[in-house]
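Here are my notes on the model you sent. Please keep the sequence and the 3D view open as you read.

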Amino acid sequence: MLVVNAILIGVTMKAILIALLFFSTFACKPETKVAKATENAKPANAKTSETIEGEHNPPIEKSEVKEGHWYCDMGTVHYSRAEKGDGKCPLCKMILHEKKTQK
Ligand SMILES: [Zn+2]
(Lines give C-alpha, C1' and ligand atoms only; values in the text may rest on other atoms or scores of the structure.)
Protein backbone atom coordinates (compact mmCIF):
# COMPACT_ATOMS: atom_id res chain seq x y z
CA MET A 1 0.00 0.00 0.00
CA LEU A 2 2.86 2.35 0.83
CA VAL A 3 4.28 2.04 -2.71
CA VAL A 4 0.86 2.75 -4.26
CA ASN A 5 0.48 5.83 -2.06
CA ALA A 6 3.93 7.11 -3.07
CA ILE A 7 3.05 6.74 -6.77
CA LEU A 8 -0.30 8.48 -6.28
CA ILE A 9 1.39 11.42 -4.51
CA GLY A 10 3.93 11.62 -7.32
CA VAL A 11 1.18 11.71 -9.95
CA THR A 12 -0.77 14.33 -7.98
CA MET A 13 2.31 16.56 -7.67
CA LYS A 14 2.91 16.33 -11.41
CA ALA A 15 -0.72 17.20 -12.10
CA ILE A 16 -0.48 20.27 -9.84
CA LEU A 17 2.74 21.41 -11.55
CA ILE A 18 1.18 21.03 -15.01
CA ALA A 19 -1.92 22.90 -13.82
CA LEU A 20 0.24 25.74 -12.44
CA LEU A 21 2.18 26.01 -15.70
CA PHE A 22 -1.11 26.02 -17.60
CA PHE A 23 -2.59 28.82 -15.48
CA SER A 24 0.54 30.98 -15.56
CA THR A 25 0.55 30.73 -19.37
CA PHE A 26 -3.09 31.85 -19.54
CA ALA A 27 -2.55 34.61 -16.98
CA CYS A 28 0.07 36.22 -19.28
CA LYS A 29 -2.16 36.34 -22.37
CA PRO A 30 -4.47 39.28 -21.44
CA GLU A 31 -1.38 41.52 -21.03
CA THR A 32 -0.19 40.81 -24.56
CA LYS A 33 -3.69 41.54 -25.88
CA VAL A 34 -3.76 44.95 -24.17
CA ALA A 35 -0.33 45.78 -25.61
CA LYS A 36 -1.54 44.93 -29.11
CA ALA A 37 -4.69 47.04 -28.70
CA THR A 38 -2.69 50.18 -27.84
CA GLU A 39 -0.36 49.58 -30.80
CA ASN A 40 -3.34 49.43 -33.14
CA ALA A 41 -4.76 52.69 -31.76
CA LYS A 42 -1.67 54.75 -32.68
CA PRO A 43 -2.03 54.86 -36.50
CA ALA A 44 -5.67 56.05 -36.20
CA ASN A 45 -4.57 59.06 -34.11
CA ALA A 46 -1.74 59.96 -36.50
CA LYS A 47 -4.12 59.98 -39.49
CA THR A 48 -6.26 62.96 -38.37
CA SER A 49 -3.47 65.56 -38.63
CA GLU A 50 -2.82 64.59 -42.26
CA THR A 51 -6.46 64.89 -43.31
CA ILE A 52 -6.85 67.77 -45.79
CA GLU A 53 -10.33 67.03 -47.10
CA GLY A 54 -13.51 65.92 -45.36
CA GLU A 55 -14.20 66.02 -41.65
CA HIS A 56 -11.53 67.62 -39.46
CA ASN A 57 -11.36 66.12 -36.00
CA PRO A 58 -10.01 68.04 -34.16
CA PRO A 59 -11.05 71.16 -36.18
CA ILE A 60 -8.36 73.07 -38.10
CA GLU A 61 -7.77 76.81 -38.56
CA LYS A 62 -9.14 78.67 -41.60
CA SER A 63 -5.56 79.38 -42.67
CA GLU A 64 -4.96 75.62 -42.92
CA VAL A 65 -7.72 75.15 -45.53
CA LYS A 66 -6.34 74.65 -49.05
CA GLU A 67 -6.93 77.57 -51.47
CA GLY A 68 -9.98 77.08 -53.67
CA HIS A 69 -11.48 74.58 -51.25
CA TRP A 70 -14.95 74.92 -49.73
CA TYR A 71 -15.12 74.94 -45.96
CA CYS A 72 -17.55 75.24 -43.05
CA ASP A 73 -16.78 78.39 -41.06
CA MET A 74 -17.50 77.86 -37.35
CA GLY A 75 -14.60 80.00 -36.09
CA THR A 76 -12.51 76.93 -36.68
CA VAL A 77 -13.05 74.55 -39.61
CA HIS A 78 -14.49 71.11 -38.92
CA TYR A 79 -15.23 70.32 -42.57
CA SER A 80 -13.73 71.21 -45.96
CA ARG A 81 -13.56 69.77 -49.48
CA ALA A 82 -12.38 70.62 -53.01
CA GLU A 83 -15.86 70.60 -54.61
CA LYS A 84 -18.72 73.00 -53.79
CA GLY A 85 -21.27 70.21 -54.27
CA ASP A 86 -24.61 71.21 -52.74
CA GLY A 87 -22.81 74.08 -50.95
CA LYS A 88 -23.75 72.79 -47.50
CA CYS A 89 -21.75 71.21 -44.69
CA PRO A 90 -22.88 67.58 -44.32
CA LEU A 91 -22.08 67.75 -40.59
CA CYS A 92 -24.10 70.82 -39.52
CA LYS A 93 -25.91 71.92 -42.76
CA MET A 94 -24.29 75.38 -42.72
CA ILE A 95 -23.38 77.08 -46.02
CA LEU A 96 -19.83 76.34 -47.17
CA HIS A 97 -17.46 79.26 -47.90
CA GLU A 98 -14.86 79.28 -50.64
CA LYS A 99 -11.27 79.87 -49.59
CA LYS A 100 -10.25 82.66 -51.98
CA THR A 101 -7.02 82.26 -53.88
CA GLN A 102 -4.60 84.95 -52.72
CA LYS A 103 -2.81 86.89 -55.48
ZN1 LIG B 1 -20.22 72.39 -40.47
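1. Start with E1 and E3. Strand E3 covers residues 76-81, and three bridges join E1 to E3. The two run antiparallel. Glu55 has Tyr79 in E3 as its bridge partner. Two strands count as paired if DSSP finds at least two bridges between them. Strands here are DSSP runs of E with at least two residues, and helices are runs of H or I with at least four; both are numbered from the N terminus.

2. Ground rules. This is a predicted model: local features need pLDDT of at least 70, side-chain atom pairs count only at pLDDT 80 or more, and totals for chains, interfaces and linings use all residues. Residues are numbered from 1 along each chain as its sequence is written.

3. Overall make-up. From the N terminus on, the order is α-β-β-β-β.

4. The sheet. The four strands form an open, antiparallel sheet in the order E1-E3-E2-E4. Strand E1 (54-60) and strand E4 (97-98) stand at the edges with a single partner strand each, so one side of each is left without a neighbour in the sheet.

5. The hairpin. E2 and E3 pair in the antiparallel sense over four bridges. Asp73 has Val77 in E3 as its bridge partner. One residue lies between the strands of this hairpin, and Gly75 takes a positive phi near 90°.

6. Which residues make up the largest nonpolar core? The eight are Val65, Trp70, Tyr71, Cys72, Val77, Tyr79, Cys89 and Leu96. Strand E2 (70-74) and E3 are the elements that give two or more residues to this core. E2 gives the most, with three residues. A nonpolar core is a set of buried Ala, Val, Leu, Ile, Met, Phe, Trp, Tyr and Cys residues joined through C-beta atoms within 7 Å. A residue is buried if 20 or more other C-beta atoms lie within 10 Å of its own, exposed if 12 or fewer, and partly exposed in between, with C-beta atoms placed from the backbone.

7. Burial and contacts. Of the 103 residues of the protein chain, 10% count as buried. Leu96 touches Trp70, Tyr71, Cys72, Lys84, Gly87, Lys88 and Cys89, leaving aside residues up to four places away in sequence. Contact means that the C-beta atoms of two residues, placed from the backbone, lie within 7 Å. Among contacts in the protein chain with a separation of 6 or more, 34% are between residues 24 or more positions apart.

8. Two backbone details to check. The peptide bond from Asn57 to Pro58 is cis, with omega near 5°. Pro58 lies in strand E1. Lys93 has a positive phi near 65°, in a residue other than glycine. Lys93 sits in the loop between E3 and E4. Lys93 counts as exposed because it has 9 C-beta neighbours inside 10 Å.

9. The protein chain averages 77, and 60% of the residues score at least 70. Over residues 41-50, pLDDT stays under 50, and the model has one contact there beyond four places in sequence.

How values were computed
pLDDT = per-residue confidence, 0-100.
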